[in-house]
Each structure stands twice: as structure tokens, then as C-alpha cells.
Amino acid sequence: MFSEIYLLPDTKEQLCLAWQSEGYVQIDHLLSVDEYIRLAKSAWGKGKQVERADCYSYELVTAPALHKAFGEELMKHWLGSILGGKIRTIKLSLRHFGKGDYTLLHDAQKSEGVARFFFIFSGTWDASWGGTLHVRREKAQTLEVGIKGNRFFLVRSREEWRSFIQYVNHLAGKETFVIVEGTVS
Amino acid sequence: MQELVSEEVLSGMYVAEKMTAFQRGKPFPHVVFEGFVQKSVVEGLLKAFQKEPFEQKRADLFQFSQTFDLHASKQKAIKAVVKVLDSKEFAEYLTRVTGVKVKAGASDVFGSLYRSTDYLLCHDDQLEGRKLAFILYLTSLREGQGGALALREDVKGVPGKVVKRIHPKAGRLVVFAVSRKSWHQVEEVVSQGNRYALGGWLH
């Protein structure tokens, strides 16, 4: 499932150190090319557009193959090696974003678990189209994660570290991306 | 006030018509005044705006450019309009039209500029003391160019679907009552046209 480099003990150790010092880790090409292509076929599966205009607009995706891949023991074990503990559960949500979609910061946003991860499925994406994932941290610079396929972003789950997906503007045309969000406990 | 607004907007019949329009406004009380200010005033403001510093604003909710509070502007054309917005006469005029009692000299006034891809997502404008919100458009955008003020219905305390769109038209003034139900947004500008407006709140 993973690109080989991320299974090497040295790499995992470096990721673990980065996690401990920064509270977040960003990885490109997390999955092997074959696995990314296989899962991407399911990522743009059946979905249902949902909107609450003062909070969000996106399509909720149902893709059992993605749920299986991102919730399986292999993923838990790998995450555990970075976070330095046993991972019991990964709660997943799959969201599909296109023109006009967004999420907003909201007081009701809760922090659950010890960490959250975001994995992106996307074709070529231009930052000027919007869609950037922003993670706001107290007393620190906002983290901006650009949309790029096979990008993985792991961040500490804290009440004050709230995130939003920037509004996707008309320049995106028919291009879309899918974000798998996992709450790790 | 007379020196800036169009003659007809001060007539009793016009005011009566707008009172009805405001009360019947759906999805929440609002009123649209066409050509509220004289054409020369719009032109003067637009010219003054070119010299006013605009700051790019970006957050989860919005992306657009805004001036500082225009009470601090040193430009003649802007000062003249701000003076009218702060006048007792204007406060009484809007109180009469809307039935919402607003105070003279208690306004926040900003210039805004929306360029291609700029937007302001759905919110209700509620902040302590705000009673009426107003927008005076200085440029026009046609349907399909974006930049419309979209009003949403309230469904059990949350915004529902868009039930009205008001397109930017130079000289057009929109006034609405700020409440928990005043869900609105500025739709993304999808053309190269610039949407300049002067807007704010009366307290």
C-alpha cells in the first residue's frame, strides 16, 4: 500500500521526530503509484451533495475501498509508529470538492482523538482555483496545505487547531478533488 | 442630503412605496432604491475610490479588498457622502422607510472591491449594535458576471436556499434589517468586471 520509503525504519523515525517537534507532518507520494491509481478509481464514486451555507458545501462520497484502505490495520500500525502509541480507531469521512464548495471555521467544530489526517486524491490542481486546506493554530502561523494528489497531512487534534477548505472558485471549471479525513484515536 | 440624492427619493409617495417594499421584502425585510444618489455622485465616488487604499482581505468566509473606515478619508467626494450617511436627516429617512430606529452619526462605512474570483460566503451580519446594513453600488455587473447579493431564507435558524439575487448596478442602494435571519452572501465574481461598492451598517 505505502511507497517503500515510508516503511523504512529511518524514515519512520524522522517522521516521528518531526511529529513530536512540530505537531504535524506532510508527506507527498504516501501511497505506491499502483495503489494510488487503484484507490483513485473509487474516490470519485457515488456521492451526495450536502450544504449548510454558513458552514459547508461539498459532496459526501461513499467508497468502501477507501474506507477499507485508510481504516485497516496496516494504516493503524504505520500511524502508531509516527504518533508513538497504539491506534485503536480511525473514523473516516470522504468529501468531494468542486466549484463553489468550501468549509468554514465553526465554533461547533470539535477536536476528537489524538490526531487528524487528510489524504488528497486530485488531478492537476492550480492553487489559484482555491481549495487549499488551512489549519489555524493558536500563537503560530496558519498551515496551508495545497491540493495535490497522493499528499498526506497529519496534524495534532486540538481544540484551537481548527481547519477549513478554502472556497473553490470558477477557475476550477470541472476539476475536482477528494479529501479523505481521518480522526485517529 | 438633497444635494446628493435623486430628487424623487424624497417624495412622500416614493417613501410610502419603499416602506411597503421593505415590510414585504422576502426572505427578510429589505428594500432596493434605484438611482438613489445622483449620477455625478456615483462618478465622483468611483473616481475617489481609485485613490483610496484597498487592503486584500482573505479568510475562510471571504476574499475581497476593503478600505479602512471611510470616516478617516480625506477625499472630498467620500467625505460628502459619509456626512450624509451620518446626518440626522438620513437616519430619520431610513427610520421612516424601515421602521427600524437608527441613530445619526453612528455608522460604519467601508469601500469594497470584488474582482474576479472574490466572494463573501453566507453569514447574517449580526454584531452588537448593527441595525441596518446598506450597500451603495458604484459599478454594474450583469447577470452571469457574478457579484450578486444573494438573500437566503431562514429554516429553523439555519440558512436555506437562495430566494433572491440583487445584481450590482451603479447608483443602486440596498438596505436590509440585520437580524438572526438576515442570511446573505456576495456571490463570486466570475468575470473581469470590478464590483465597487460603498457599504456599512447603521446602529
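Strands are DSSP runs of E, at least two residues in length, numbered from the N terminus. In this predicted model, strand β11 of chain A covers residues 177–184 and includes A:Glu181.

Is A:Glu181 buried or exposed? A residue is termed buried when its relative accessible area is under 20%. A:Glu181 has 14% relative accessibility and therefore counts as buried. Its side chain makes a polar contact of 2.6 Å with the side chain of A:Arg95. Leaving aside residues up to four places away in sequence, A:Glu181 touches A:Lys91, A:Leu92, A:Ser93, A:Arg95, A:Arg116, A:Phe117 and A:Phe118.

## A three-stranded sheet in chain A

Chain A also contains an open sheet of three strands, ordered β8-β7-β10, with antiparallel pairing. The edge strands of chain A are β8 (140–145) and β10 (162–165), each of which pairs on one side only. On average, neighbouring strands of this sheet are turned by 20° against each other, direction ignored.

Strand β7 of chain A, residues 133–137, is joined to β10(A) by four bridges in the antiparallel sense. A:His134 stands opposite A:Phe164, a residue of β10(A).

## Nonpolar cores

The largest nonpolar core has 41 residues, of which B:Phe33, B:Phe36, B:Tyr93, B:Leu132 and B:Leu198 touch the most other members. Another core, of 35 residues, lies apart from it and includes A:Trp19, A:Leu31, A:Phe152 and A:Val184.

Which residues does B:Leu198 touch, not counting those up to four places away in sequence? Among them are B:Leu45, B:Phe49, B:Leu70, B:Val81, B:Val109, B:Phe110, B:Gly111 and B:Leu138.

Note on methods:
Residues are numbered from 1 along each chain as its sequence is written. Chains are lettered from A and ligands numbered from 1 in the order in which they are written. This is a predicted model: local features need pLDDT of at least 70, side-chain atom pairs count only at pLDDT 80 or more; totals for chains, interfaces and linings use all residues. Side-chain values use heavy atoms; hydrogens and water are left out. A nonpolar core is a set of buried Ala, Val, Leu, Ile, Met, Phe, Trp, Tyr and Cys residues joined through side-chain atoms within 4.5 Å. Buried means under 20% relative accessible area, exposed over 50%, partly exposed in between (1.4 Å probe, protein chains only). Contact means heavy atoms within 4.5 Å. A polar contact is a pair of N or O atoms within 3.5 Å; within protein, one must be able to donate a hydrogen and the other to accept it, and residues adjacent in sequence count only if both atoms are side-chain atoms. Two strands pair if DSSP finds at least two bridges between them. Axes are lines fitted to C-alpha atoms, for helices over the stretch in contact, and angles run from 0 to 180 degrees between N-to-C directions.
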